[in-house]
Amino acid sequence: MSNAEKDARLACSRLSIDLGALAHNWTYLASKAGTAECGAAIKGDGYGTGLAKAAQALFTAGCRTFFTAVPEEGLEARAAAPEARVFVLGGLLPDAAHLYHQAGLIPVLNCVAEIRDWAAYCASIDTPLPAAIHLDTGMNRMGLTPDEAKALSADTNLLGRFEPVLMMSHLYCGGDPDTAVSARQLQRFKDMTALFPGVPRSLANSAGIFLGPDYHFDVVRPGISLYGGAAMDDGENPMKPVATAEARILMLRDGFKGETIGYGASQTLTRDSRIAILGIGYADGYHRLAGTGGPQGPANAWINGHTVSLLGRVSMDLIAVDVTDVPEDACKRGDWVEMFGPHISVDEVAAKALTIGYELLTGLGRRYRRSYINAPQDNTAR
Ligand SMILES: *Cc1c(COP(=O)(O)O)cnc(C)c1O
C-alpha cells in the first residue's frame with residue numbers, strides 16, 4: 001500500500017524528508033566549493049532519504065554528477081536524473097562491463113584488474129568509454145597504489161583504450177580537527193595525479209569541502225552534509241537538517257521511585273515519574289544503544305517544546321521517555337515526539353549509540369510513514 005492509501009491516523013512513526021533543505025544544502029556546498037563542480041553522493045539510498053527523490057531534488061538544484069556505491073543504485077539514479085553523470089564508486093563487477101555501458105554508468109576503477117577489464121571491453125567495441133580512476137592515498141581500501149599508478153601512467157596502450165574522466169581519492173580523517181593526515185593525503189594526491197595531466201581531479205567529500213580550497217580540485221563529492229549530518233568531528237555543523245523522525249505517544253503511565261523500567265531492568269527510577277510510551281524502536285532503525293543500554297547514557301527526544309530523555313532500553317517497537325517535567329497538555333496520548341530532526345540532531349542521537357549520523361540515516365527502517373516536503377521547483381524553461 002502506498003502512503004496515500006494509508007490513513008495517517010494509523011501511523012506510529014513518521015519520517016519527513018525536507019527536499020528543500022537538501023537542495024539548500026547542495027547550493028551552500030556548491031558555493032563553498034568555489035569553481036569546483038559540486039556533485040552529490042547518493043549511495044545508501046540517498047543516505048536513507050530515498051535515492052530517486054534525493055537525486056531529483058539535487059538535479060533541480062543544479063547537481064549534474066552523482067556518486068552511487070553499487071550499480072543497482074546507479075540504475076536508479078540514471079532513471080531519476082537521466083541527464084546527469086552517474087559514477088559507481090564500488091567499481092566494475094566481473095563480466096558486467098557491457099551492462100554498465102548499456103545503462104550509461106561510469107565505473108570508478110579501483111584496481112588494476114578493473115582497469116584491464118574496462119579497457120578490454122572498450123577495445124572490443126572500439127569505443128573509449130569514460131571511467132574514473134581511484135588512487136589510494138593512504139586509506140588502504142580502494143584505489144591504485146603509487147607504484148600501480150606510476151605503471152599505469154606509463155602504459156599508454158592501456159590508457160588509450162578508455163577515457164579517464166576523473167582521478168579521485170578519498171579522505172579518511174577529513175573531519176579530524178588535526179589535519180595532518182589529510183594534508184599528507186593531499187600531497188600524495190597531487191603527486192600521483194601529476195602523472196595524469198589534464199584529467200579532472202576529485203578528492204573532497206563533505207569534510208574535504210570544509211577543509212578549504214586546497215582540497216577542492218575540479219569536482220567535490222559531498223554526502224553527509226547534504227543530508228544535514230555533521231562532517232567535522234568538532235561538532236560545527238552549518239547544514240540544515242533534512243530528515244525528521246517522529247514517534248507517537250501510544251500511552252502514558254506512572255512509575256514509582258525504586259522500580260525498574262523495560263528489558264533487562266537496566267534502569268531504576270530515581271523519582272516518581274510520568275512516563276510516555278512511544279511507538280518506535282530498533283525495528284525502525286533507532287539504535288538500541290541510544291537508550292540506557294549504552295555507556296553514554298540515554299539520548300534525548302523533543303516534545304512540544306520540551307526536551308525529554310529516554311528511559312530504559314529501546315525495544316523493537318517501543319521506547320519509554322521521561323515526561324515528568326512536561327506539562328500535561330504538552331504531552332498527550334497521540335502526540336508526536338521528535339526522535340531526531342531540527343531540535344535533536346541526528347548526530348547527537350548517533351553519538352549516544354556510539355555510532356555516527358551516517359549509520360543512523362542509512363539504517364532508517366521501512367515502517368515510517370514517509371513524506372517528502374518542500375520539493376524544489378524546476379524553473380528552467382523546457
Ligand atoms: C561516501 C563517499 C563520499 C561522501 O562522503 P561524506 O563523508 O558523506 O561526504 C565521497 N566519496 C567517496 C569515495 C565516498 O565513498
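This is a predicted model: local features need pLDDT of at least 70, side-chain atom pairs count only at pLDDT 80 or more; totals for chains, interfaces and linings use all residues.
User: Which backbone atoms lie 2.8 Å from an oxygen atom of the ligand?

Analyst: A backbone N or O atom of Gly-223 lies at 2.8 Å, and a backbone N or O atom of Ile-224 lies 2.8 Å from an oxygen atom of the ligand.

User: What surrounds the ligand?

Analyst: The ligand is surrounded by 13 residues, and Lys-43, Tyr-47, Ser-206, Ile-224 and Tyr-358 are the closest; a residue counts if one of its heavy atoms lies within 4 Å. The shell divides into seven nonpolar, four polar and two charged residues, with Tyr counted as nonpolar, Lys as charged and Gly as polar.

User: How do you know which parts of domain 1 and domain 2 are in contact, and how many residues does each contribute?

Analyst: Contact means heavy atoms within 4.5 Å; five residues of domain 1 are in contact with four of domain 2. Domain 1 spans 20-227 and domain 2 spans 244-363, with bounds from an automatic or database assignment. Their C-alpha centres are 39 Å apart.

Residues are numbered from 1 along each chain as its sequence is written. Local features need pLDDT of at least 70, side-chain atom pairs 80 or more, while totals for chains, interfaces and linings use all residues, and side-chain values use heavy atoms, without hydrogens and water.

Technical notes: A polar contact is a pair of N or O atoms within 3.5 Å; within protein, one must be able to donate a hydrogen and the other to accept it, and residues adjacent in sequence count only if both atoms are side-chain atoms.
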